[in-house]
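Take a look at the structure below. We will walk through its salt bridges, its cores and the confidence of the model.

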Amino acid sequence: MISSQTISSSSLKPGHHDSPVPSGASDREALFAMLAERYGTPFYVYDADVIDRQVSTLRAVLPETVSSKILYSFKSNPNPVVAGRMNEGGCRADLTSVGEIEAARVAGFDLREALYGGPGKSVNELAVALSVGIRQFSIESPSDLAALREAAEAQEVTVKGLIRINPHQIPRAKLAMSGVASQFGFEEDVLRESGKEILSHAGEQVEIVGVHIYWGTQIGDAEALASCFELTVQIAEELSELLDFPLKILNLGGGFPWPYSSAGEGPDLSPLRDKLAELVTSSGKAREAEWWFESGRFLSAASGTLVSRVMDLKVSKEEKEFLILDTGIHHLGGMAGLGRIPKFSIDLEIPASRQDNEEMTVDVVGQLCTPLDCIGRRIKMPRVEAGDLVAIPNTGAYGPTASVLGFLSRPAPTEILHRGGTVLAASRLRGGHDLLD
Ligand SMILES: Cc1ncc(COP(=O)(O)O)c(C=O)c1O
């Protein structure tokens, strides 16, 4: 658990639902109190400086002897002002839906440089992607190829296709999306056997120019990442040779790790720098390709903090206590229940004025009418009180849009981007139903 620094115990009034900026509070705690007063709770607050730092940290390990590009994966956080920072930092857009295209447009990305991927793409969404200028597509299956061809021919444009491959090896990722049975990508073995025939259906307007392999998310450390990338290069070179397509773009995916909703930092990625440099040196035709790296959580997670209000403390049977917040699985970690996000445990920052309180053990729950709405089990912490603000760090990735936002029709949390305490933008995802007839 991390604590905020000094705050006078009289300055946060238990039970009151306004948050005067406490004199003597740490900058962080004072910022949260100020934002709570201005926007209400709960809210996600993103620190622009931290986003910028993460982009430079990742860029610093990528190889310099090839043209390396970072693609920001909108799925981790499509908030346009957050994504806008990635754009300012020189990232390109990794997009998978028309909604993400719109977010990228608002964020100012050059859509001609974006990659559009994902399984089961419709001709209609591909048509939208083409109409806004997207020209790079990850292709996941024979019918995906057919849909892309149809959309490209209809608009009389030529596009670049990356063959997404599901290799037969199993990676060292927490949530593997390759090397296991999945809906993603062409099976490597199938490509080796009948890839020429499959790719012969690309037609004139889909130019196959490279390979995309995304091994999974939260890959353990620099060494594990390097071994995934090594395999990617090997598979890409072999298949480009075998199936006779050029290797102009090598999308090595990512999986760069960062903690989720708990305090601390990801592993040191700096050893990856030399490993990637060596990989470039030892590679064959891949050396001529652009090397693309996709990242969501590493770029956005650290910047975000979810700030919430303690609504109640309930003592139940056998003295079991529940800390009830005005946030829960509709704002954070809803996808953990679906297995998409690893089971997580939260760390809570609490007011410094509570640091010396007696310890309690609580399940941290929200306001939803389901026992599933629990974001922390058996958390030991100093006693806090109704009205206190608490904060969950490292929640800039897979927050609101990876949660069960619509469940119980509570509003989405406010999302605020700040730099050095100055608010740059605030927004809230819309809820409710659009009536169609
Ligand atoms: C194809 C692809 N690229 C990139 C990402 C982003 O992963 P991460 O947020 O772990 O960087 C994902 C996440 O599922 C993905 O499926």
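Which side chain meets that of arginine 92 in a salt bridge? The partner is glutamate 290, at 3.9 Å from N to O. Arginine 92 sits in strand β3, and glutamate 290 in strand β12 (residues 290-295), so their bridge ties together parts 198 residues apart in sequence. Arginine 92 is buried, at 15% relative accessible area. Glutamate 290 is partly exposed, at 25%.

Strand β3 holds another partner. Aspartate 94 forms a salt bridge with lysine 75, with 3.6 Å between the closest N and O atoms. Aspartate 94 belongs to β3 (residues 92-95), while lysine 75 lies in the loop between β2 (68-73) and α3 (80-88), so this pair links parts 19 residues apart in sequence. Aspartate 94 is buried, at 4% relative accessibility. Lysine 75 is partly exposed, at 34%.

The whole structure has 22 salt bridges. One of them joins aspartate 110 and arginine 112 at 3.0 Å. Here arginine 112 is exposed, at 57%, and aspartate 110 is partly exposed, at 29%. Asp49, Asp52, Arg85 and Arg419 form a network of salt bridges.

Now turn to the nonpolar residues. The largest nonpolar core has 107 residues, and Leu95, Trp291 and Leu323 have the most contacts inside it. Helix α8 (residues 222-243) gives the most to this core, with 11 residues. Domain 1 (27-47 + 302-428) and domain 2 (114-295) each supply at least three residues. A second, separate core has 12 residues, including Leu35 and Val423.

How far can the picture be trusted? This is a predicted model. The chain averages a pLDDT of 91, and 90% of residues score at least 70. Over residues 1-17, the pLDDT is below 50. Where pLDDT is low, the predicted coordinates should not be read in detail.

Definitions and conventions. Residues are numbered from 1 along each chain as its sequence is written. This is a predicted model: local features need pLDDT of at least 70, side-chain atom pairs count only at pLDDT 80 or more; totals for chains, interfaces and linings use all residues. Side-chain values use heavy atoms; hydrogens and water are left out. pLDDT is the predictor's confidence in each residue, from 0 to 100. Contact means heavy atoms within 4.5 Å. A nonpolar core is a set of buried Ala, Val, Leu, Ile, Met, Phe, Trp, Tyr and Cys residues joined through side-chain atoms within 4.5 Å. Buried means under 20% relative accessible area, exposed over 50%, partly exposed in between (1.4 Å probe, protein chains only). Helices (H or I, at least four residues) and strands (E, at least two) are DSSP runs, numbered from the N terminus. Domain bounds come from an automatic or database domain assignment. A salt bridge is a side-chain nitrogen of Lys or Arg within 4 Å of a carboxyl oxygen of Asp or Glu.
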